[in-house]
Amino acid sequence: MDNQSSEVLDIEPPLAAELADAPGPGRRSRVSRDFWPGLGLCAAVGLAVLALGSVVPSLSPMLVAILAGIVLRNVVPIHAALEPGIALAAKRVLRWGVVLLGLQVSIPTIIGLGPGVLVIVTCAVAITFCSTLAMGRLLRMDRDMYTLIAAGFSICGAAAVAGMQGTIRASEEKVAAAVALVVLYGTLMIPATAGLAALLGFGPGDAGTLIGASTHEVAQVVAAAGIAGGGPLLAVAVTVKLARVSLMAPVVAGVSLLRNHCATRVPGQKRPALMPLFVVGFIVMILVASIGIVPAPVLGGVKLVQQFLLATAMFALGLGVHVKSLMKLGARPVLLGLFATVVIMAVVFAGIFLGLGANI
């Protein structure tokens, strides 16, 4: 099997070669036997961290999951039989989680935020993304690395990293590093944004705008808004955050167009798709949510499934982090993450002080 076929199957090349040698009728069962041990481990940890998060709401399940994966990978030898399932969880399970995230985003709800908040959200994403790319170049970082960090910090954390990875085809190690940074900084922003909102005397509208427009992960937004006061503030924060999530598709499409335009064209070689198929699925789910045909109880159940899928994938990504290899990245990715965090908070504060925050 050639490399292109391996990529289509979305599995590791050694496993793809092994499957190519297997008889046709038995191939599906062979795939199941290879994937289930590692996938089962990741799923079990995903369930565990979600249960922990329900008991201790201040803990981010995503952060706990990825840290657990990092610790396990670097302390305990991981059996080779687990690797195929871990790879599946880090790629395909993560992408299904991104698709289902779209059901939480409704276009009418986002429009209902008002033009001022939409300006803040759009500027926060655009300025943070572009300035992070520019700073990454100035720091002479790997292009894939700083592109993943720019997406995660400006849009919606791990989901945006996954969406961008589907376009630029970055390595799993870079994806795991970007996710670890975005979860780490997002978790630090939980007390930071809640504390700043209280210190500056922000009302529910401005406080919700600050938290939703600057904090990286949806779960972190919920935690910060809960600390800051909950109620209407929480509703504003989550809606503002989902408005940022909706911008993942155009940003991913823009990067894909730019890279296709700048790439050297090989005669006879097909150009990559404008955006990965799972990002298209994300857009379809937004449209479904906007139509309002899915009952609220079903949406609640889907949200739990989506959180479980992302927690499972975060643990798998953590298992892909080898500390010795990560240390080779140096301090520059950490500095870039700090830079992106400062930029997005500065843009959001500017919008709020200009009176563009939510009015409730």
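Where is the place of Val222? Val222 sits in helix α12, which covers residues 218–228; helices here are DSSP runs of H or I with at least four residues, numbered from the N terminus.

A quick word on what you're looking at. This is a predicted model, where local features need pLDDT of at least 70 and side-chain atom pairs count only at pLDDT 80 or more, while totals for chains, interfaces and linings use all residues. Residues are numbered from 1 along each chain as its sequence is written, and side-chain values use heavy atoms, with hydrogens and water left out.

Buried means under 20% relative accessible area, exposed means over 50%, and partly exposed is in between (1.4 Å probe, protein chains only).

| Residue | Relative accessible area | Class |
|---|---|---|
| Val222 | 35% | partly exposed |
| Thr193 | 0% | buried |

What do they touch? Contact means heavy atoms within 4.5 Å. Leaving out residues up to four places away in sequence, Val222 meets Leu234 and Val238. With that same rule, Thr193 touches Leu210, Ile211, Ser214, Thr215, Ala224 and Met345. Val222 also lies 9.0 Å from Ile190, C-alpha to C-alpha, though 32 residues separate them in sequence.

Then there's the largest nonpolar core, with 114 residues. Such a core is a set of buried Ala, Val, Leu, Ile, Met, Phe, Trp, Tyr and Cys residues joined through side-chain atoms within 4.5 Å. Met164, Val179 and Met314 have the most contacts inside it. Helix α10 (residues 172–199) gives this core its largest share, 13 residues. Setting aside neighbours within four places in sequence, Val179 contacts Ile66, Ala158, Val161, Met314 and Leu317.

Note on methods
Helices (H or I, at least four residues) and strands (E, at least two) are DSSP runs, numbered from the N terminus.
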